[in-house]
Structures are given as C-alpha cells and as structure tokens.
Amino acid sequence: MTTDWISLPLVGLPLISSIVLLAFVAYSSPAARDRMGPSIRMASLVFSLIMLVLTTAMFFGSNYIEGTMDWATLSFGSFNYEFRYDWIESLGIHWTVGMDALSFPMVWLTTFLLPITIVATWHEKNAAVYFPLLLMMGGALIGVFVALDLFMFYVFWELTLIPMFFLILKWGGKDRKYASQKFFIYTFTASVIMLLGLVTVYFLQPENLSHAGAWTGRTFDIPTLTAHAQSANAGGAWFLGESLQKILFVMLMIGFLVKLPSVPFHTWLPDAHVQAPTGGSMLLAGVMLKMGAYGMFRLPLAFFPHAAQHFQFALLALGMISLVWGAVVCLGQTNLKKMVAYSSVSHMGVILIGIATMQPLGWAAALFMMFAHGIISPMLFAVCGAFKHHYHSMEIGAMRGMAKHSPWLATSMMFAWMASLGLPLLAGFVAELMMFLALWYFIAAEGWSVLWMVGPAFVLAITAAYYLWSMQRTIFEGGDDTQPPASLHGQPVPDITGAEKWAMVVMAAFTILFGVMPWIALDMMHGWTEAFFETLLIPILKGGA
Amino acid sequence: MKQIESFDEGFVLALAPEFVLVIGLFTLMIAPNVGNATFRIPLTQIRVPWFFGGKRGLLSSDPRLPGLLTTVFFTLAFGLATVSFVGGMNKTQIITEGGSTMLQIDEFSRMFELIFFGALALASAASVNRLPATSRSDRTAAGLYNNRRQVDFYILLLTTGLGMSIVALAQDLFLLFIGLELASFSTYVLVSFIKESKEGTEAGMKYFIVGSVASGVGLYGLSLLYLWSGSLQFADLSVAFAENGMEALPLMALGMLLVGFGFKVSAAPFHFAAPDAYAGATAPVAGVLATASKAMGVLGLLRLLLVVASPEATDGSAVWLVALGVLSVVTMTWGNLAALGSTNPKRMLAYSSVAHAGYMMAAITAIGALNWEDGHVDMSTDAALVVVTALIFHLAVLVCFKLGAFLVLSLLESEKGGHTLESLGGLAKRDPFLAVAMFIFMMSLAGVPPLSGFVSKLLVIMGIVKVALLDVTVNSNLTFGDIHWVWFLALLMVINSAISVFYYLRVGLVMYFHEPEEGREGALPSGTPVRFAILVCLITTVFFGVGAGQLIALCEAAANALVGAW
C-alpha cells in the first residue's frame, strides 16, 4: 500500500477540524460557548497530539511509514510522501505536497509547538474560539511548508495571516487594533509584490514542462521550475537574463524579508508581539517568522543563484544590521515582551548572515537556527506570557525577587534567557557557533580584515548584557524584603500553573536535547545543504568562472 | 451557427430566458390584482368568475408576493440560461428579413446573462426584506403606500434584467444602446425609489443627470459612427475599421462612445456620480449597480474596443492603448485613495468598485498591447483569450462577494444603519454569521486566498503579465527592458490592492473590535430571504476560490466565443 497521502492529514486535519469547530461554535449561544470551552480545548489538544505522533513517526521513517526514504540521505530534489492531485488543471495548478530535509524539521516543529502552545495557554479566555484558531494556524503553517506548488504555497502563505489577525485582535493587548492591522498590511503588501514576481516567472518558463496546464501550457510546480531554472542557469548563464533575474530576485526577497523580518522591514514585529496573546506570540515567533527563511531557500535561492551571489553583500549587510540593531534596541527596552521580540529580530539576522555566506555550513547554520529558535523563542514568550498572566504587568522591574516568590517561573525564565543568549549545550549555541565559523570562513576567503567579526562578537556581549540585566532586575534583585508589584493589589504572589510548568519543562528538555545531540536534526539539514550546493549551486556558480 | 428570423422555429427556445422575464413582467402586473371578482353576463343572473379585482385572496394580497415572484422568475431565467450554456451550446443568430444580424446567442452572451440574472435574483431576494413591506394588517397610510408600490420596484428590476440581456445579445450597436438605455432608465428610478429619503432622491437625480449626459454623448458618437460607415452592425463596423479606422471621424465617435460606457463601469473621470448613487440607493440596488450594471459596461467596452475597433484594425497595437492605460491607472489609484477616506461603508464599496473598474481597464489595455501583425496572430489570440477569461471570471465572482457585502449592509439598513462604519460595530457579537460573511467578502475583495477574489485578481494579473511577456524570447540575454510596459500596470495593480487591504480590514476591525452603537445592541432583523441570499454569496465566494476550475472553464468557453470570432 502506498503511503504518499500521509502528509495530507497534516494539513487537512487541523484546517477541517478547526473550521468545523468554529462553525459549530458560531451557532451556539454565548452561554453554551462557555460550557463547550473545555471540551473544545481538549479536542484541539488531541488533534494536535495526533499530528505530533504522525510527524514523529515520519521522523523515524521507514520503520513506521512505508516508502519513507532516510531523511539525511534524501537526494536533492526528491521528496518524501510526494503527492500530486489536480486542482485547477487548465492553469497548471496542482495540490502538490511533499517534504524534504528543508521542510520536514519545520513541519515537525509546528506539530511540536501546537500542543505545547495549547497547554501553555490552557486558561486563555473564550476557549471555544481560541483553540480552533490555534489549530487553523497550525494547519496553514504546515500547508506552507509542505506545499510544492507555487499557487498552493501562496494560498497557505496568506492563509496564515487570518487566524493570526484574529488571535491578535481578539486576545491581544491594549493597542491590538493597531498592531493587528500593521501586521496584516505589512506582510500582505510584501506578499502581493512577491506574487507578481511569481506570476512573471510562471510566464517566463517555456511551454509544456511537466505538469503544465492544458490551457496556459505553464506550470506552478516548484520541483519542475527548480529543475528548469537549474538547467537554464547552468554554466554561468543567467536564467531569464541578468537584469530580469535581479529584479525578480528582489521582488521575491521583499516578500520573504518582511516576513523574516529583517531591518528595515521589522517594525511590525515588536508591535505584533507585544500586543499578541501568548499563544499567538509563541506560534508567530516559533514558526511563522521561519516561513520567510524557508521561502528564501525554496524559491529565490534555488531559482536565481546568480542574483543571490550578486546581492550577497546586501544580504550580509541586512543580516549584520538586523543582528546589531535588534540587540542594541533590546538594551533600551523596559517591556519584557518587546525586548524578547527585538531579540527575535537579532536572531533572524543570524539566519540572514548564514544565508549570505553562501556556504553549506552557513546554510546549515541558518536551518538549525530556524529550528533552535523555533523551540527557544516560544519558551521566551511563554515566560513573558506567564509573567503577564500572574503579575498583570510586562514592565521589567515591576516584579522583583522572583526567585523567592515564584521559583518555577524564575527557573524557566533563567533557562529560556540562557538558551537564547547562546549558552553552550543548549540548542541556540550550536547554531550561533556554526554561523560564526561560516562567517569566519567567508571573511577569510574574501581576504577581509578580522575586524569584521567584531560586530557579531560584540552582539554576543550585548545579548548577554540585556538578558542578564533583565534577569537581575526581575529574579534576583530585592531579595527577602521585596514588595509584590502594585498591580497585584496586595494579593499573594502566585507561581505558574501546572499546565504552564508542563509546557516549560518539555520545551526546556528539547532545548537541551538538541543542544547536546544536535545531529538528530542537523544531519538531515547538513545533508540537504551539501546536496543543494553540490547539485545546484556549484555547477551553476563555478560554471561561468 | 444557426440563423433564424423572428418567430421562426426555435426562436422562443433560443430566447427562453428573455421570454421568462417578459412573462414575469405580465405576471407581476396581474398577480397582485387577482381577486374574487365576477362578471355578470348581461341580461342574465349568471356570474362568471373574472378574477380581476374584487376582494383579493390571501396570496395575491401579500405585499411580499412581487418580490418572491421576481426572485423565482430571475432564478428560472438563470436556470434556463445555465441549461442552454452547460448542456451543449446551440449557437443561434436572430436576423432580420434583410439578413442583418440582430441578436446572437453564444457562450459569451450566455455567460453575461448568467452574471446579470444571478445578481438580479439575489438582489430581488434581498429586497423582499429590504423594501418597507409591512404585514397585510398594517392599515396606516405609509404601510398601505409601501405595500402598494412593491410591485413597481420589481417590475423595474425585471426591465433592468431585460435591458441587460439585450446588451449581452446585441450584434448591432444601436440595439445594444437601446438595451443599455432600458437598463439605465430602470436603474435611475431604482436608485431614487424610496422618494421619502432625501439621499435617495438626490442620488437618483445626480445619477440620472450624469448618466443621461454620458448617454447623450455616447449617442452622438453613435450617430457619427453611422454617418461614417452607414451601418451599426458589429460585422460591418469591424470591416470598416479594418480598412480605414484611423480617420478622424470614427476615432472621435469611438472616444464619445467610450464616455458612455466609461460611466457605466464608473471609470475615472466619469465616476463622480457612483459614490453618491451607491450611498443613496438601497443596498441591494447599489449591489446591482456595482455588479450587474458594471458587467454591462464592461461588456459594452469589450464589444466596442475588441470587436468593432479591434486591435487588428491597426498595425501593431491598438490606437486607444496609451489613453486607456493612463485612465486605468488613474481609476484604480483614485478609487483606492478615495476609499481610504470614506467612513460610509457604501461609499467605500463604491470607491472600491471604481478601483476594480481600474483593474479591469488595465486588463483591457493589455489586450490592446497585443501585436496583431502577421505571424503573431496565434500567440496574440491565446493571450487575449487569457485576459478576456480573467475579465469574465472577475465579473462573475464580483456578483458573489461585492453583492454579498451590499446585502449584509442591506440588513443593517433595515434598522436604519449601514450609513456609517460605526453602525457595523460589534456585529460579531450581535450576529456572528453576518460578521463572518462580511469579513470573508472583505477579504475576497482584497484578494486574500483561497477566496474567489484572489483567483480573479490572480487571473487578471496573469493575463496582463502574459501579454507583457508575449514577445519576449527567453534566453540568458533577456533584459528587463524587453518586457512590454503593460507589466507595470500589473505592478500598480498589486500595489493598489495592497493599499486596499487597509480599508477592507477596517471593516473587519470595526465588526470585531468596536462595541455596538447605542440602540443597536439587540439582534438584527431576521429576514430569511436576504440571509439565504447572503449564504449563497458566501458559499460561492469560497467555492469559486477553492474550486475555481469549473468556472474558469466556463469563462474560457465564453471568451473563446468572443475572441474566436475575430
């Protein structure tokens, strides 16, 4: 029996179940809605756990699911569980799904974070709508990662906006209206520009490639287009000509850089994060930002490697600026969540630098950063959420002496902060170390001065500074004679709830797991980047020299 | 193609949808007057039932009867058109005794009839609740008056439909104009139908004055055209244009006709009356103006620009290329910027309709940019097919979500709201179904996947890009300058649709974020027919997005009938 369809339930289950649940909720009275809350929450948790079991089985591969190729040796351009179904035949649009070592870690991460998010925000109000929206978000995100068709990719890419828009709007903070609007408009504007780029590429392909539409004679199939671009780029020739390739590269990159986000397009992120509810922030930082980096690898870097090489320094500069800017701005934040949000900008800079080095090591670093940051940043936001939830304030210094009052939260916070600043043996460290090595190689190869390493190295110090400083002010300062924050109005200071403890412990455990044994994920990422360079980039880029 | 004269065999069958509408007209005049009157045969005591007048029965005195009947007739016409379109198209031409073609029934005209009848059926269903029809027991003067004039409204809707289908079928410019005027005059009255409202009267007046001036200019153009060629048949005009279309007289005439149709599609600079008209009319009527009436204008433009003054007539690209390109950019940008500042949702939708007109004009411009020299014809026909398909698809799905948005507003209007954005406040709490529907309509208007608005926008962009890249040979020496400048129309279009998200999203924000206005906390009026119409719009909006394939195939067949005839 063939099991190619196995990736369909990953997209279908959360989307369909969430729509059914929401439709069900829409037709019940407010009182009934409150009554149904707990059971809907439980149903969402069960659905998300089923997906986690499924993806974990996929990871262990052939033992469980027939026809699975080993992830680490999956040859470049082939996909596990590839499945194609006609959608709009005349235009060459197919429902094409499949996973390789680029998308699978992201899919697993999404299914991993969904139950964690549900558990960590177990007591969110208006549960009957909130949890289905989280599920829908998860389904749309998985859809982006498994899509191997440009049309389908774009549909899911935009679909992620809608649940997130509502999550921010309905459960967000004081300025949620402004933040959700800004979030939507920024990313939508960027993606329509990307869409025009995609349509232009669509019509610039020769007619009658495989899976072409009966009517237009063109296809939206990503593997077909990648293969075509690869052959057109071969030997130093520029696919679509030099000027056009550069322009299309920029158009696609605008869509992805805004999503990532990179300075100067990052301003939506702090607003969205600060206003978003904890669950929204966790998924936003954990997976949604990675869509940008994922898209870069999947489309512009594979289609337009010459242009990527041409814009290498621009990308490097953007990465450096994001890295430094994000870190420096963090120093000045008094809002805990805003600080964490800017640290995300800084870490996304690391991904961009990794990409800009144009080396297998740098790209593997970027991939691993995507993955590691995907586990660590939800924990950061879970801590922020718990802080807000229990102390009704987000200000650094509103609560002091947490180590005494709330040992669990203090420990989680310390762990998450340490993981984010890159403590060895935790997942983030591996990615940062790889990025530094790759950057070092790059600088050496270019013959630049070692001084170029000062910026990124300096950022490490700043990162340590803002994290340690905020920890010092919230966890340790004050000691025994601290007063609880005024926002608690004399209530006893609570520690985090059992559900939150569970979520923290699981995230911490996986941070340690991937820090101590990074090869679990890194092997397949490394295999993929090596293959990308060997089969695609090197023949193309060296050909003309 | 079968050619038949009037009332030959097959005539009634070929024009079945139109005959249904005519029967509907008579039924509407008769049905509400049916009573128990009898007629005494003179000089005897025998009374024969006569049915006209007397005491009206339970059914015929129901003020909702005309609305429901009209809905049924439009649905019937829609069904008949669908059957003849989907179940094997029997192409027919209706000719005069002299042999000149008057009407042509093909995929193209049928598709547009589907658009018109669909929109009008939904609008008439919605009007059943929207017009202040009260119960039979309402004996107040206003109640009696309102119940009395129900039938007038629906008769006007039927004549609108009839006029529109004549526009779709006409093969003669003069006939087309008659259909256009029949539909226009009906809509002028419909806009100002509720004459007690100041806005309605003012809107109708403005719409009528501007519209009649536009029609007058168009008619003058028509007469010039007749003066020049001696015939207003599309076939004759097309030949005449191909021979010497670059003379001053036909070009002037063409320009004047463009004014007439430009008003109908609310293209800048003829769009000034549209926002007032939409805001003053009842929401279902405004919905008809924004969808069916606009489709009629586009139909006219397509006929005029692509059949009569077809680009083939000149060497290379069409004469009107640059002018229309500039107008399309002005229209879409103006519409979007004006919509940003409107606080009346109906005005906002009107300006968004202007913006959509801009997108469609950009697509028509792209057709003009095609190269029709020898050796390019096949490729150009292919590309033109894509663009026309995109246009028809856009007009068809516009009926789903733009009309749907107006219908949601119409429910708000029945509680005297819908004129300010704030009256939408808290809709999510008051009526989750309406809020979800409105949000989906807004997202579809903005072009968010996987809704049908996205597919239509994608198709238009694809059409323009295809044209722009048609003459491009793909090799590694390609430069950006090789691409035709219409590509920038696509760029402006995506930038404009990014701007438009702002005001579409604002509706969502108000519905989900703001508290209801004072006095609006309770549930909305129920209104089964209008809710049903909204549900139909909602389902089609989603369905034609997710499963666009079938509709695209239909639109392609329709486009083929137009383009293939060149």
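This is a predicted model: local features need pLDDT of at least 70, side-chain atom pairs count only at pLDDT 80 or more; totals for chains, interfaces and linings use all residues.
If you count residues instead, 46 from chain A are in contact with 49 from chain B.

How many salt bridges are there between chain A and chain B? The count is 0. Over all chains, though, the count comes to 15 salt bridges. A:Glu242 and A:Lys246 form a salt bridge through their side chains, at 3.0 Å from N to O. Both residues sit in helix H9 of chain A, which covers residues 242-259. They are 4 residues apart, and that is about one turn of the helix.

Now for some helix pairs. Here is how three of them pack:

| Helix pair | Angle | Axes |
|---|---|---|
| H6 (residues 161-171) and H7 (residues 176-204) of chain A | roughly 165° | within 8 Å |
| H10 (residues 268-275) and H11 (residues 278-298) of chain A | about 145° | 8 Å apart |
| H6 (residues 150-169) and H7 (residues 173-191) of chain B | about 155° | 7 Å apart |

Start with H6(A) and H7(A), whose axes cross at roughly 165°. Because of that angle, H6(A) is roughly antiparallel to H7(A). The crossing is right-handed. On the H6(A) side, the residues making the contact include A:Phe165 and A:Ile168, while those of H7(A) include A:Phe184 and A:Phe188. Sort the contact residues by class and you get 10 nonpolar, 3 polar and 2 charged.

Next, H10(A) and H11(A) pack at about 145°. A:Trp268, A:Leu269, A:Ala272 and A:His273 of H10(A) make the contact with A:Ser281, A:Leu284, A:Ala285 and A:Leu289 of H11(A). This contact has 6 nonpolar residues, 2 polar ones and no charged ones.

Over in chain B, H6(B) and H7(B) pack at about 155°, so the two helices are roughly antiparallel to each other. Is their crossing left-handed or right-handed? H6(B) and H7(B) cross in a left-handed way. Among the residues that meet here are B:Phe153, B:Leu156 and B:Gly163 in H6(B), and B:Leu175, B:Gly179 and B:Ala183 in H7(B). The contact of H6(B) with H7(B) divides into 14 nonpolar, 6 polar and no charged residues.

Notes: Residues are numbered from 1 along each chain as its sequence is written. Chains are lettered from A and ligands numbered from 1 in the order in which they are written. Side-chain values use heavy atoms; hydrogens and water are left out. Axes are lines fitted to C-alpha atoms, for helices over the stretch in contact, and angles run from 0 to 180 degrees between N-to-C directions. Angles under 35 degrees count as roughly parallel, over 145 as roughly antiparallel, 65 to 115 as roughly perpendicular and the rest as oblique. A crossing is left-handed if the near helix is turned anticlockwise from the far one by less than a right angle, and right-handed if clockwise. Contact means heavy atoms within 4.5 Å. Ala, Val, Leu, Ile, Met, Phe, Trp, Tyr, Cys and Pro count as nonpolar, Asp, Glu, Lys and Arg as charged, and the others, Gly among them, as polar. A salt bridge is a side-chain nitrogen of Lys or Arg within 4 Å of a carboxyl oxygen of Asp or Glu.
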